[in-house]
Amino acid sequence: MKISSKLAQNIVQSIKEIIHHEINFMNMEGVIIASTDPVRIGQQHEGALKVLKTKRSLSVKNDDEFKGTKKGINLPLFFEEEIIAVVGITGNPEDVSKYVHILTKMTEILIKEAYLQEVSFNTKENQRIIIENLLYNTQSTDFENISYRDIYKYDVSIPRRVVQGMFLTDHAVDPALYKHLQKMVPDPSQTIFALNRNTLTILSTLTKPALLRLNLAAIQELVKNSFGLDLVFGVGSVCTTSADSRKSFSEAQKSLMWAKNLVKVPIQFYEDLDLGILLLPELSGSAPLFESKILGRLSDKEKGDFMALLKSYEKHNGSITRCANELFIHKNTLQYRLNSLHEKTGYNPRELHDYTILKLAFLIYEIGLRNR
């Protein structure tokens, strides 16, 4: 691990605040790259070279006992059992020896923290790159190619589902959520996820619907309890190739649209869509013509009112009493409105065939309304 001058300077400044002695940080060439005494930065430190060679601490009793040194103690720093630098404390060796342990431990802790932050950043960036290239790139990126597996440590052949989530907020999501999500996803080495402004994309190794649903519900609970946000998910089918992954992503997006705008469910699997599978791809084709043919004589207000009526009628399986109670109207008023819908469209919601036609038309209308 190579320590940057900026990190080394932060380390020596932090340590000096505790032990109140000048601290020096030397790289693997024995050059002082950071010091609480700015004059010494850039100087060659021969004592550090000896420490690097022997991998043992060195006590310097007199100034310039070694070229570029002052009296004090110089210590090797190890990371994963490899020496990576030397840190020195200036002062009479007998006086500063009591700080040797705390100097070593503090330095190694600070280096480890910096390393973990760097690993976390690199992991986050790699996952973002994988998702952008695998799912969003319109050109075919071949993640089956061995070079991608080597570079990004991502094996596309592992069965996954693409999950597309949306936070129901107009504001950017708190970046602190990322660390919480790291603890929630299964198999962190192969489960990929990325946060954007108000979306969450996951390539989850949980492919069984029941297990994935439990995991997503737990994430929703965390988001709600810790950040006060509602989160809706759409889930695509299982994928094991680059092409399958893009297909699953498209399915997840459609499922999310259906869940968020129409059926109002927190988690929607693509394979559980019924009319959605039929209607979503057709909205740019003949579906709008069908909707216009059935509902063309209704005003926008009438469409909204009759749509709410039909949803309640379906919810209560045609029960006039329960439907009227939910809508806070008299049963006779409900009967009048059902008759009015029949008169204005030519389709009777009390008859199964006609009800199906009306349901399809109102679904198409609602989808189009959401997309305006």
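## Briefing on a predicted chain

At 15% relative accessibility, H316 counts as buried, where buried means under 20% relative accessible area, exposed means over 50% and partly exposed lies in between, using a 1.4 Å probe and protein chains only. The structure is a predicted model, in which local features need pLDDT of at least 70 and side-chain atom pairs count only at pLDDT 80 or more, while totals for chains, interfaces and linings use all residues. Residues are numbered from 1 along each chain as its sequence is written, and side-chain values use heavy atoms, with hydrogens and water left out.

**The chain as a whole**

- The secondary structure comes to 14 helices and 10 strands, taken as DSSP runs numbered from the N terminus, with helices being H or I over at least four residues and strands being E over at least two.
- Of the 372 residues of the chain, 44% count as buried.
- The chain exposes about 19900 Å², of which carbon and sulfur atoms supply 53%; accessible areas come from the Shrake-Rupley method with a 1.4 Å probe, and for residues only the protein chains shown count as cover.
- Among contacts in the chain with a separation of 6 or more, 58% are accounted for by residues 24 or more positions apart, a contact meaning heavy atoms within 4.5 Å.

**Two histidines in loops**

- H316 lies in the loop between α11 (300–315) and α12 (320–327), and, leaving aside residues up to four places away in sequence, H316 touches R322, C323 and E326.
- H45 has its place in the loop between β2 (32–35) and α2 (46–54), and H45 is buried, with a relative accessible area of 2%.
- Not counting residues up to four places away in sequence, H45 touches M26, G30, I32, R40, K67, G68, T69 and N74.

**Cysteines**

- C323, which is one of the residues that H316 touches, is buried at 0% relative accessibility.
- C239 is also buried, with a relative accessible area of 2%.
- The count of disulfides comes to 0, a disulfide being taken as a pair of cysteine sulfur atoms within 2.5 Å.

- In helix α6 (residues 177–184), the residues L177, Y178 and L181 are buried.
- Seen down the axis of α6, the buried residues fall within an arc of 95°, so they line one face of the helix; the arc is that of the directions from the helix axis to the C-beta atoms.
- An α-helix has 3.6 residues a turn, so residues three or four places apart point the same way.
- On the other side of α6, K179 and K183 are exposed.
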